[in-house]
Amino acid sequence: MCCDSKRRFLLLYATQKGQAKAIAEEIWQQAGAHGLEADIHCISEMDKYNLETEKDPVVIVISTTGTGDPPDTARKFVKKIQDTTLPPDHFAHLQYGLLGLGDSEYMFFCNGGKTVDRRLQELGARHFYDTGLADDCVGLELVVDPWIDGLWLALKEALLLQKEKEGMNSVVDVVTSSPSPAPHVVPKLNLSSEVQNLKLEDEEAKSSNVLSQKVDDINLVAPARNTEPSLVNSVPPVSQSALNIPALPPAYIEVQFQGTHGENPHLSSLISEETTFEVPVTKAVQLTREDAIKTALLLELDISDTVFDYLPGDAFCVLCPNNAKEVEELLHILGLYEKGDDFVCVKVKQGTKKKGASRPPHIPERSTLKFILTWCLEIRAVPKKAFLRALVECTSDAGEKRRLQELCSRQGTSDYMRFIRGSNVCFLDLLHAFPSCKPSLNLLIEHLPKLQARSYSVSSSNLYQPGKLCFVFNIVELPACPARPISRKGVCTGWLAELVAPLLHPNKNGLGTKEQSFSTEKISIFPRPNNTFHLPADPAVPVIMVGPGTGISPFIGFLQHRQKLREQHTDWEFGETWLFFGCRHQDRDYLFKQLRCFLENGTLTHLKVCFSRDSSAAEVAAPKYVQDVIRLYAKEVARVLLEEKGYFYICGDKKHMADGVSDAVVDILSMEMEADRLEAMKILAMLREEKRYLQDVWS
């Protein structure tokens with residue numbers, strides 16, 4: 001149905017994992033309460049909208065993926081607007097507001113949104129509303145909620161201005177249809193401090209009853225005597241506040257059970273954008289000692305019967321299932337254990353009020369219930385506020401219902417951040433904490449996100465080991481906490497460890513010697529090529545590699561590749577190679593002691609290692625971390641980067657390592673160039689721009 005042109009605005013979203021879409025749908029849903037109508041589309045559906053002729057205001061919600069790229073759904077759009085032949089007034093008629101989603105743990109924060117925003121500006125488009133940049137590291141809600149609150153006044157003013165330009169004398173009714181809760185200028189929030197300083201003032205709460213359902217009659221249950229707040233317990237002022245909670249999302253999925261006859265779809269059907277390969281695991285090695293703090297495994301895959309190709313530095317994705325015991329536990333709680341092997345048909349609910357409702361693409365039209373919970377839904381996902389709001393309606397105990405309302409309310413934002421997001425509480429944890437909550441299966445399909453494939457760096461070279469692909473990972477351990485009474489392993493790493501256990505611990509025969517164990521286990525993978533994190537095209541260019549812990553993984557592939565090239569091309573010139581590696585204990589988690597082999601055959605020129613937890617009897621303590629070791633070689637690092645135009649690679653943890661390494665490099669550049677720190681930071685930015693300072697990091 002066509003929107004009323006007097007109150008219409010175009011709403012576009014570009015999503016990778018569904019967050020941007022969910023936020024756009026929230027905007028669409030709230031628009032009606034303000035007398036507005038959103039014409040909502042995925043930004044990839046370019047046949048359904050036309051920015052070249054768009055006269056109404058445009059709202060864009062866009063996420064960021066990878067190391068700062070726009071999401072896959074925005075690739076064609078970005079390519080189109082980056083056409084260098086477009087004139088600078090191409091979008092001079094366009095007025096828009098943009099909300100970018102990102103994670104400040106990564107270097108190019110919100111770069112997907114920034115890229116689109118910058119290019120639209122270059123082509124003459126104008127902001128009718130300040131750009132918002134939401135940080136998933138501290139909670140998207142801290143920016144998203146106030147940004148949406150302020151959007152309505154800005155939209156109304158933009159629509160009024162548009163009508164005035166068209167020569168209309170009548171005042172648009174929508175301008176006075178509802179109160180406006182916030183000014184339309186959204187300041188650039190300092191999120192790290194806003195987490196502590198967030199305050200919800202009474203005026204804001206009173207004015208937002210158009211946006212959300214007001215709850216002031218639930219506080220009839222006597223609050224628990226416990227004075228300490230927790231996931232299930234609240235204290236004043238939240239426990240005594242009237243609450244402003246989100247509007248209830250409309251139901252749009254219908255599930256029909258159809259017996260036990262049929263076949264589940266192939267896993268490859270769950271990945272629409274890539275070709276998947278089912279490959280056997282041929283080798284598994286535990287790289288750490290049993291008493292190491294973290295357990296690191298190396299797995300070898302046989303890709304010889306596939307067309308899977310890769311370069312050292314590339315990544316690939318593993319399709320993994322949810323934990324089988326957790327799936328069974330969930331089926332028990334939902335009262336569906338006996339129907340786990342029944343086939344279900346998933347359809348859009350007839351008469352749903354959700355605009356453009358469709359079956360989620362990651363949910364098969366027909367499969368068993370257990371297949372959906374095992375392979376399709378991320379049951380470990382941290383529940384969003386909209387999901388909590390929907391769970392309220394499925395909760396019978398008045399006290400539990402009130403607490404869920406608090407956690408999804410504006411007034412309960414701090415509790416939500418602390419006890420759900422900060423504690424990494426998942427859906428299953430919530431069902432244990434609120435036992436009277438009995439959601440329906442369709443609610444899970446509507447609100448739980450897609451089970452994402454997990455990405456790993458390649459730790460081998462196809463040139464060195466033809467037909468083989470190796471990768472290294474730590475088994476993720478999630479310790480128990482008040483909100484999660486039992487410890488868990490990572491979804492993918494825990495599954496892989498269990499899968500390869502026969503290779504790691506082969507049976508012993510009567511003589512006490514180990515029998516050879518051959519794995520028949522296969523996993524499904526698909527490529528995730530890295531456009532930049534590769535060795536220089538010219539082997540004479542020197543490289544510096546920094547990879548503590550499992551961050552060393554891609555550099556093993558680099559060194560294998562370089563060794564093979566040296567063997568095949570004895571007349572080539574090869575630049576020097578530096579590797580900085582660190583771990584906790586030399587005797588427990590020095591992952592690749594065979595690095596010495598690369599050093600001895602000349603593939604690796606310099607190997608510098610450090611051990612952060614080993615005690616030293618030396619008068620001068622040895623450096624503990626790779627960033628400390630790098631500072632000891634300041635002149636050499638500066639020479640490689642500045643004089644010899646070398647490459648600098650970092651792989652590993654961003655927050656506790658990569659940022660420290662960047663600081664060390666800035667200090668080195670400042671000292672060796674005799675320049676101030678600001679100038680050194682500009683040099684580092686230039687190195688990034690030239691793709692000579694490259695990172696493959698995670699949070």
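Helices (H or I, at least four residues) and strands (E, at least two) are DSSP runs, numbered from the N terminus. The structure described here is a predicted model, in which local features need pLDDT of at least 70, side-chain atom pairs count only at pLDDT 80 or more, and totals for chains, interfaces and linings use all residues. Residues are numbered from 1 along each chain as its sequence is written, and side-chain values use heavy atoms, with hydrogens and water left out.

E406 sits in helix α10, which spans residues 398-408. Its relative accessible area is 1%, so E406 is buried. Buried means under 20% relative accessible area, exposed means over 50%, and partly exposed lies in between (1.4 Å probe, protein chains only). With residues up to four places away in sequence set aside, E406 touches S234, V238, S239, L243 and G412. Contact here means heavy atoms within 4.5 Å.

The loop between β7 (212-215) and β8 (243-246) holds P237. A cis peptide bond links P236 to P237, with omega at about 5°.

N442 belongs to helix α13, residues 441-447. N442 is buried as well, at a relative accessible area of 18%. Apart from neighbours within four places in sequence, N442 is in contact with I253 and V255.

V382 occupies the loop between α8 (369-376) and α9 (385-392). V382 is partly exposed, with a relative accessible area of 23%. Not counting residues up to four places away in sequence, V382 touches Y416, I420, R421, N424 and V425. V382 and D429 are 47 residues apart in sequence, and their C-alpha atoms are 9.7 Å apart in space.

Next come the cysteines. C110 lies in the loop between β4 (95-102) and α3 (111-122). C110 is buried, and its relative accessible area is 0%. Its phi is near 55°, a positive value in a residue other than glycine. C345 also counts as buried, at 6% relative accessibility. The structure holds zero disulfides. A disulfide is a covalent bond between the sulfur atoms of two cysteines. Here the cut-off is a pair of cysteine sulfur atoms within 2.5 Å.

Helix α19 (residues 634-643) meets helix α20 (residues 654-673). Their axes come within 9 Å and cross at roughly 85°. The two helices are therefore roughly perpendicular to each other. Axes are lines fitted to C-alpha atoms, for helices over the stretch in contact, and angles run from 0 to 180 degrees between N-to-C directions. Angles under 35 degrees count as roughly parallel, over 145 as roughly antiparallel, 65 to 115 as roughly perpendicular and the rest as oblique.

On the α19 side, A634, K635, V637, A638, L641 and L642 take part; on the α20 side, V665, I668, L669, M671, E672 and M673 do. By class, this contact has 10 nonpolar, no polar and two charged residues. Ala, Val, Leu, Ile, Met, Phe, Trp, Tyr, Cys and Pro count as nonpolar, Asp, Glu, Lys and Arg as charged, and the others, Gly among them, as polar.

K645 is in the loop between α19 and β23 (647-653). Phi of K645 is near 55°, again a positive value in a residue other than glycine.
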